[in-house]
Amino acid sequence: MKTRAQIYNQEAAGLLRDISMYKALREGQLLRLYPGKESVVRNLLAYLVKQGRITCEDGLYFIAHAKPDNVDWGLLDAAWVLADFSDQLEYHAVGDYPVKIIFSADGVVYEIVHAESGREALLSYIMGQERKDPPHYIVLVDDVKQIADLDLPHVNGYCTVSPDGTVQYYQKN
């Protein structure tokens, strides 16, 4: 049986890992990534801030003294999409362009791709290449109107993220 200190230590390490990996996360994202542990997460965040291990500015948590010059808002929105899968998550990490986040949920590998407004043609070219055993793509768009301009194979769905973190999913007809 694990002691309380061991449980908190594991949760604290997870929070530090996630915050450092994604460079910036909101409290709501962290709460959703650790379902059923909301009070523990809130207490640990306060404790880690008090210890000086993390900092919070404008509602974003950063590793102390490692605030990025520019927040990657696409990655921050992709973290909301990731949080929608928190009950099924097995693994997650930052991806390489054009992928923001790669994760495994219920044995299926997904890649969250951010389709920045105005870069639809570039993304269609990059992702249009045939791949052996392609992952399942979830494409995050800034505006639902972008979906018509994207020609991407192997896309499971498209989504938008509202300012409050609500994710809305779409299928291309």
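Figure 1. The model contains 3 aromatic pairs. Rings of Phe, Tyr and Trp (its six-membered ring) count as a pair if their centres lie within 6.5 Å; planes under 30 degrees apart are stacked, over 60 edge-to-face, and the rest tilted. Phe 85 and Phe 103 form a tilted pair, with 4.9 Å from centre to centre and 50° between the planes. This pair links distant parts of the chain: Phe 85 sits in the loop between helix 4 and strand 4, Phe 103 sits in strand 5, and the two are 18 residues apart. Phe 103 also pairs with Tyr 110. That pair is stacked, at 5.1 Å centre to centre and 20° between the planes. Together, Phe 85, Phe 103 and Tyr 110 make one aromatic cluster. Are Phe 85 and Phe 103 buried or exposed? Both are buried, and Tyr 110 is buried too. Buried means under 20% relative accessible area, exposed means over 50%, and partly exposed lies in between (1.4 Å probe, protein chains only).

This is a predicted model: local features need pLDDT of at least 70, side-chain atom pairs count only at pLDDT 80 or more, and totals for chains, interfaces and linings use all residues. Residues are numbered from 1 along each chain as its sequence is written, and side-chain values use heavy atoms, with hydrogens and water left out.

Figure 2. Helices (H or I, at least four residues) and strands (E, at least two) are DSSP runs, numbered from the N terminus. Two strands pair if DSSP finds at least two bridges between them. Strands of a sheet pair through backbone hydrogen bonds, either parallel or antiparallel.

**Figure 3. Strand 6 and its two partners.** Strand 6 spans residues 108-115 and is mostly covered, with 6 of its 8 residues buried. How many bridges pair strand 5 with strand 6? There are 6, in the antiparallel sense. Val 99 has Val 113 of strand 6 as its bridge partner. Strand 5 and strand 6 form a hairpin with 2 residues between them. In the turn, Asp 106 has a positive phi of about 50°. Strand 6 and strand 7 (residues 136-141) run parallel, joined by 6 bridges. Tyr 110 has His 136 of strand 7 as its bridge partner. Ile 112 stands opposite Ile 138 in strand 7.

Figure 4. Helix 4 has 12 residues and reaches 17 Å from its first C-alpha to its last. That is close to the expected 16 Å, where the expected span is 1.5 Å times one less than the number of residues. The helix is mostly covered: 9 of its 12 residues are buried. Among them are Leu 75, Leu 76, Trp 80 and Leu 82. Asp 72 caps the N-terminal end of helix 4. One of its side-chain oxygens lies 3.1 Å from the backbone nitrogen of Gly 74.

**Figure 5. Ser 86, in a loop.** Ser 86 lies in the loop between helix 4 and strand 4. Why does Ser 86 count as buried? Its relative accessibility is 14%, and the limit for buried is under 20%. Leaving aside neighbours within four places in sequence, Ser 86 is in contact with Arg 32, Leu 33 and Pro 35. Contact means heavy atoms within 4.5 Å.

**Figure 6. Tyr 97, between two strands.** Tyr 97 is found in the loop between strand 4 (89-94) and strand 5 (99-105). Tyr 97 is partly exposed, because its relative accessible area is 49%. Not counting residues up to four places away in sequence, Tyr 97 touches Arg 119, Leu 122 and Ile 126. The C-alpha atoms of Tyr 97 and Trp 80 are separated by 18 Å. Along the chain, these two residues are 17 residues apart.

Figure 7. Strand 2 and strand 3 (residues 60-63) are joined by 4 bridges and run antiparallel. Glu 57 stands opposite Leu 60 in strand 3.

Note on methods. Polar contact = N/O pair within 3.5 Å; in protein donor to acceptor, adjacent residues only side chain to side chain.
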